[in-house]
Structure formats: C-alpha cells, structure tokens
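Dear colleague,

Please find the structure below, handed over for your own work. My notes on what was found in it follow directly after.

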Amino acid sequence: MRRTARILGRSPLTALLGYVRPHAGSLLAGAALMFLGGVVTLAQPLVVKHLLDALTTGTPYTRPMFLLGGLLLVSAVAGVCGMYLLECTAESVVLTVRRRLIAQLLRLRVRVLDDVEPGDLLSRVTGDTTQLRAATTSNVVDLVAGSIQLVGAVVLMARLDGVLLTVVVLVLLVLGAVLLALVPRIRDTSLRAQEEVGGMGAVLERALGALRTVKANGAEERQVAAVHALAGRAWQRGRQAAQWTSVAGIATGLAVQLAFLVVLGVGGARVAAGQLAVSSLIAFLLYLFYLTGPATQVVGSVTGLQAGLAAARRIEQLGQLPAEDLTRPAEGRAPDDGVPASVTFHAVSLRHHPGGPPILRDVDLRIPATGLTALVGPSGGGKTTLLALVERFYDPTRGRVEIDGRDVRDWPLAELRARIGYVEQDAPVLSGTLRDNLLLGTAGGVPEDWMAAVLERTRLASLVQRLPHGLDTVVGHRGAALSGGERQRVAVARAILRQPGLLLLDEPTSQLDAVNEQALRELVTALARTTTVLMVAHRLSTVIRADRIVLVEGGRIRAVGTHAQLLAGDVLYRRLATTQLLAEPLTVGVVDSRSMEQI
Ligand SMILES: Nc1ncnc2c1ncn2[C@@H]1O[C@H](COP(=O)(O)OP(=O)(O)OP(=O)(O)O)[C@@H](O)[C@H]1O
C-alpha cells in the first residue's frame, strides 16, 4: 500500500480541515474560551505594573489587587472550560473519521484486500486516527491563540519600550528561521514512523492469525524476531521525529532565555541611565515570561501538526482505495429472491495482475436453473475463482458472467449478492452469538420454525442444545468454541437461511465426518431440486450424485458431463476418480480426506 497508494484527492491539510468542519461550532467555542483566558492573562502584567506604581507612590492599591485576583480567576475558568470543550471536540473528530474509515474498510473491493496488509489498514483506523486528536483541535487552537498572544504581547511590549522590543523581535526571527528548517524533517520522519507502525501491525496480525501454525512449527522466536525488527524500525523513526521535535523545543526555550538575559542587561542599563522606569522593566520582563507559554504553544502545535498531517495523508490513502457501491434496492428484497437462477460464463478470462499468469482462460459454461453442478479438478485449477466471479469479488479481464441472462456487472451489487448463498472454503465464524452468525445474511431475521428446520437439516440442532445459552451463546473471537466441522455446518446453514436462488458451496464437506457429510449431501441434493447449486467438490460420493460435473484444469473447462460420461470419456477424470483424488470421507483419523496430491 505504501508503494501503490496515491494521493488522488485532497491534500493532507485540506483533509485535516475537512475532518474539523463538522465540529467547527464546538471547536470555535473552545477556542474562544482559550482565547479569552489568554487575553486575560496578557492583561495581568499591566495590572501588576499599576499595583507596583500604587505601592511605591502610596496611592490606594485595593482596586488593582482585586482586579488582578479577578483576572486570575477568569483566566483559570476560561482555560479549564475551553480545554474541556476542545478535548471533547477532538474525540468527536476521531470518532467521525474512524466511522468513515470503518465503513470504507468493509466495502473495499476484494482485489484491494489481496494487495494490502489488513494489519496496516487496522493501524490506520486505530493509530493514525488517534494522531488526529491533537492535530485537529488543540494544535490548531494553540497555533492561532499562541500566535495572537505572541502578537498581543509584542504590541504591549512596544508600548513599554521600543528598544527592548527590537531585541526580542530579533531573537524571535532567529527562532522562526530554525523552525522553518525543522518542520519538513519532523513531517517526513513522523510519516515514516507511522508507516513502520502500520507494517509492524500487519506482520503481527498475520502471526496472531496463524498462531497455532507458528506454535506447532516452533516458530515463535522467528516471528518475535521479525516483529521486533519492525518495532525497532518504528522506534528508530519515532526517535528521529522526537529528535527534531526536541531540537525545536530546546531552540524555543533557548530563544526565550536569551531574550530574557539580553532584556535584563539592556533594560538594566536603560534604568540606570534613567531612560526607563523600574516598573516598566518589570512589566516588560513579565511579558517576556508570559511569552514563553505562547511561544512553546506555537512551536508545539507546529510540530504536532506535522504528525497530524502525516496521519491525514495515510487516512486519505485508505479513503481513496476503490470501494464497492452497496446501495440497497429501494424495496429491500429483490422480487426474484428464492427463484432458481441460471449462470452463464461467456468466454471468461481472468488475470489478477496485468502481465501476471492467466487464472482463467476462455471459460464457456452454462449452468441452468436448478440442479447440482459439481466443479472438480486438480488444486489451483480455478474452481474457487469461478465462484468468486459469480459473487463479483473479481471482474473478468475478458468475457462476461451472467445470472439469469444479465451481466453481473449490470446488477446492483447488493441485489446480486442477495440472490446468492455463499459458503467459502475456510467457513469463518464472526464474533457474536451463534444466532448472530446464522442470521448474518438475513437482516430482518427468519421465522423460528424455518430456523429450527435448517438447524435440523444441517445437524446443528444437537450442538445448539449442548451450548450453555443455545443459539444465544457467544461463539467468541473467530468462533473458537466451534470445531472446524461445526463451523462448516454453521456456514451452510447461514447460506440456506437466506433462501437463495443460487447456492455457491466451496468444499463445504472438507471437514465433516462421514455421518455429517452424508446428511449434508442429502440436504444439497434436496435443495438442488428448487435451487441452483454450484459446488466445488473433492469427494467422489458428492460428485457421483451431481446433475453435471465440470472438470476444471489449468484455468480452462476441460470437460462437462455426468460421472458415467466423464468416467468413460476423460482420462484425467478417470484418474481423479480411480486414484485417491476424489476420496470418500474418513470416519476416523486426523488427516484431511483430500489426497496428498491435492494438498
Ligand atoms: N488473489 C489472487 N492473486 C493472485 N493469484 C491468485 C489469487 N487467488 C488465487 N490465485 C491463483 O489462482 C489460481 C486458481 O486458484 P483457485 O483458488 O481458484 O483454485 P482452486 O481450483 O479452487 O484450488 P483448490 O482446489 O486448491 O482450492 C491459483 O494458481 C492461485 O494461486
């Protein structure tokens, strides 16, 4: 993603402003309070000067004293309220951006997700959005308020003594030049640091996803080393960013100290020469002291904004990735829901990447409505890819796929997918309860008797009885409470509950024992009387009963026919059927029933 993604739309700065716009009201209110606090603080040295003059001349001093107390109170209250409003606004900005990104993530095209690391995408939603917190609120407000206070202090200092002011302005100009040189460095290192964190998240996510494989292979050390290396690189980048940020911070501190010393020296000389009153010098020094806050604020916000801009750049990159249009049809339920669908592949070819190997080549295939079609063939032949084209996870490079005579690209995507029940190879279970998982594809729920019938037919009823809270048992992160075979049956039940016109099953029996496999086979055979079923299959028992068998080899359709026809007419099919490639399920044993050749 780092290499491939381009910034197509807004610049990071425009993006930052865009994130803030919906929250402009509360941001302005917070800023106004902070500003009020700052202005009141600025007035304090003048009141102190009056107080000192009153004390030295013996005139009444209670008024300036109360005024000073009032100013302190107002600045404190305004500061606290302003800060609270800004923090709340910051959280709202982060929430809005996160929601937008999450919606975008789950709508991304499958092809995009083939090319980018999910861990990196996650770090953009979690880490990078957090960076926006300060950048879109306190940094902006600090920059504006700090600058106004700086200018205000300079104007008030000018009223006190022009010579001393010249000294201060010269020092501030040097500081500004230093900062101008540092800002691009801070921005670049911040971006790289955030990219490294994204890369680290990606590797870690992969390792955690395959934790059992990692452990079984004793590869913990190697994986830890790999993630450590990436964490080290992130640290290195972070350290570089911190280095430039601290240089900016130190430069600010030094500049203010320097100005303080010079003002003290020059001011002292001017007092001795009778050109300046002591109270004016003290007020001037107080302004200089108060200047430290705004100056640090401005520098801190400029450096903080760089991290925010880097985060905005990464967030915008994600926002630019192609997503699917999942607008639902107005009536919600397509009128032909449940009606069996026909599927046709017309001269379909597919390459995943330009110049890459062809995955499918000139596939012509017509699958009529209703009936069971089995896709068989050697591993890597393109069977799963054929199903993926029907679901429009990918579009063909050439040719077209039609459902009921209509190009799948012409269907509204949500309507197309509502017609289809799909069981993928890994049969994943999402977090939530078993009921949530079963009803994933049926937004309005299903009648209880239909649910009970499907549970019975997929042999899940006994599982539901065993679970402590029945259907409402939380099946946990990645369905850890369910076995592989149970997950597969949940996936099949989920697809059937939708009453689809077309059922796509990708090896739905690979993890089932003989009893469950037979039950599912009978269920599929029964469903195929009223639904079109397209099933990737490896077991002879399933294939034998199919209405038609499609033999896929090397991205082409090698032959189509019944078991008897293919057995008689195709040498590869005969070999598949007579060797272990199409094997009967094992009742006992830990080895997957697919043959070694296939694995
Ligand atoms: N996203 C992808 N990018 C590039 N190549 C891919 C991608 N997905 C699959 N392939 C390649 O496409 C070919 C066909 O894969 P596919 O999964 O369709 O085969 P299959 O016949 O279903 O195999 P199996 O029986 O092992 O599941 C394989 O060579 C695979 O490496």
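In which sense do strand S1 (residues 343–351) and strand S4 (residues 398–403) pair, and over how many bridges? The pairing of S1 with S4 is antiparallel and runs over five bridges. Two strands are said to pair if DSSP finds at least two bridges between them. Helices (H or I, at least four residues) and strands (E, at least two) are DSSP runs, numbered from the N terminus.

Please note that this is a predicted model, in which local features need pLDDT of at least 70, side-chain atom pairs count only at pLDDT 80 or more, and totals for chains, interfaces and linings use all residues. Residue numbers start from 1 along each chain as its sequence is written.

The four-stranded sheet

S1 and S4 belong to an open sheet of four strands in the order S2-S1-S4-S5, with antiparallel pairing. Strand S2 (358–367) and strand S5 (406–407) are its edge strands, each pairing on one side only. Axes are lines fitted to C-alpha atoms, for helices over the stretch in contact, and angles run from 0 to 180 degrees between N-to-C directions.

S1 is also joined to S2, by six bridges in the antiparallel sense. Here the bridge partner of valine 343 is isoleucine 367 in S2. S1 and S2 form a hairpin with six residues between them, and glycine 355 in the turn has a positive phi of about 85°.

The six-stranded sheet

A further open sheet has six strands in the order S6-S7-S8-S3-S9-S10, with mixed pairing. Its edge strands, each pairing on one side only, are strand S6 (420–423) and strand S10 (556–561). From one strand to the next, the twist averages 15°. Strand S3 (residues 371–376) and strand S8 (residues 532–536) run parallel and are joined by five bridges. Alanine 374 stands opposite methionine 535 in S8. Helix H20 (residues 571–578) packs on the sheet, where it touches S3, strand S9 (548–553) and S10, and its direction makes about 100° with that of S9.

Helix packing

Helix H2 (residues 24–57) and helix H6 (residues 138–160) have axes that come within 10 Å and cross at roughly 25°. H2 and H6 are therefore roughly parallel to each other; angles under 35 degrees count as roughly parallel, over 145 as roughly antiparallel, 65 to 115 as roughly perpendicular and the rest as oblique. Their crossing is right-handed. A crossing is left-handed if the near helix is turned anticlockwise from the far one by less than a right angle, and right-handed if clockwise. Among the residues that meet are Met34, Phe35 and Leu42 in H2 and Val141, Ile148 and Leu156 in H6. The contact of H2 with H6 divides into ten nonpolar, four polar and no charged residues.

Helix H3 (residues 62–107) and helix H10 (residues 278–320) pack at about 35°, with their axes 9 Å apart, and their crossing is left-handed. Val97, Leu101 and Gln104 of H3 make the contact with Ile315, Leu318 and Gly319 of H10.

Helix H5 (residues 118–136) and helix H7 (residues 162–209) pack at an angle of about 125°, with their axes 7 Å apart. H5 and H7 are therefore oblique to each other, and H5 passes H7 in a right-handed crossing. Their contact has six nonpolar, seven polar and five charged residues.

With kind regards

Conventions:
Nonpolar A, V, L, I, M, F, W, Y, C, P; charged D, E, K, R; others polar. Contact = placed C-beta atoms within 7 Å.
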